[in-house]
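Look at the sequence and the model shown here.

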Amino acid sequence: MADRDSRTYAAQRMVTGLFYRGLFGYLLLDGIVFLFFDGPGWVWRLLLAVEAAGLVIGLVRNSQTVRRMMTPLAALEETADVLGRSDLDLEDLRQLAEKLDDINAAHLSERLAVPGEQEGLATLTEAINAMLERIEKGYQAQTRFVSDASHELRTPIAVIQGYANMLDRWGKNDPAARQEAIDAIRQEAESMNTLVQNLLFLARGDNETQPVNRVMLNLSDMAEEVLHETQLLETGREVTGEIEPFLMAETDRLLLKQAMRILVDNAVKYTPDGGELFIRLSRRGEMGLFSVTDSGQGIAPEELPKVFERFYRTDESRSRQNGGTGLGLPIAKWIAQRQGGSIEVVSRPQVGSRFTLVVPLLELGEL
């Protein structure tokens, strides 16, 4: 308690010292003005009023600064007081620390035994076990992500190496073989570039460094744009749509269009030639719904919860054939969530799927 009082006294002295230093500075300024400036009385009154206001403002700001400096120290002291008043035994703490030393990346699944004798130590042990649980889940997710990314990059690299070896052995003088190798290498390089860009996007999203620039835009015009662009592509599918007009939103234009394109591209990949795609924009309460319905192979009920997992594919061979990386839907989900929305999916095997991008709308009074 004495230490706390001394720190409080020191803080008060700091504020008082800052106040007097400011006062001394103003007095020095007054002396200089008095020696070199001979003005009317109202100038002096105005100068004194400004100086008084400056001293008060400075005092308040200095007090706030010292208070912010003292807050974490006070919290730390309170924590130390709680620990000091608890029934924790130093020997028990030492044994707990030794057990923690044995837990590393290779043994993250281990947990500490919760003692029943000391309530304080039991609470501390449970908190540490909960923290270890979160660390283990994060470490496993990171390890799986790195493994999946390495696996995805291994395939195009192997294809490029294979064609490069073919050219080196006998394809240099064969125009047909040379062109085949060039086309394959170019295609695999583009696939690698797409994969790397998607990985970087997700990494920036995980680190909260992916910029989101919100602007007010006409969601109906954007949906019309996506529908028209899809109809111009030679997808081999019949593309129709229905767009509700005058739906406005405040969102990132580039990111939102990227999410829309992902849903459309995903529907094209999993719909056979001659199939149908239907793009709709509608309102549901305060939310705008951009949905893409296809007549593709559909998704089994047990696979629906996994479709937003990174690198997950419902049809491995077909996805690779169409250039899928298994990262499109996770990216679209991240974009939707950052816009304050979500993605909904309904699917029936051998019937088709409907993916819906849900984003908040702006009401007329907010425009």
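Glutamate 238 stands opposite glutamate 276 in β4. The model is predicted, so local features need pLDDT of at least 70 and side-chain atom pairs count only at pLDDT 80 or more, while totals for chains, interfaces and linings use all residues. Residues are numbered from 1 along each chain as its sequence is written, and side-chain values use heavy atoms, leaving out hydrogens and water.

Strand β2 (residues 238–243) pairs with strand β4 (residues 276–284) in the parallel sense, over 6 bridges. Strands are DSSP runs of E, at least two residues long, and helices are runs of H or I of at least four, numbered from the N terminus; two strands pair if DSSP finds at least two bridges between them. Strand β4 is also joined to strand β5 (residues 287–294), by 8 bridges, and these two run antiparallel. Here arginine 280 has serine 291 in β5 as its bridge partner. The hairpin of β4 and β5 has 2 residues between the strands, and glycine 285 takes a positive phi near 65 degrees.

Threonine 251 lies in strand β3 (residues 248–251). Threonine 251 counts as buried because its relative accessibility is 3%, buried meaning under 20% relative accessible area (1.4 Å probe, protein chains only). Leaving aside residues up to four places away in sequence, threonine 251 touches Asn213, Arg214, Val215, Leu217, Leu256 and Gln339, where contact means heavy atoms within 4.5 Å.

The axes of helix α6 (residues 219–232) and helix α7 (residues 253–269) come within 11 Å and cross at roughly 40 degrees. Axes are lines fitted to C-alpha atoms, for helices over the stretch in contact, with angles from 0 to 180 degrees between N-to-C directions.

Technical notes. Buried < 20%, exposed > 50% of the residue type's maximum accessible area, 1.4 Å probe, protein only.
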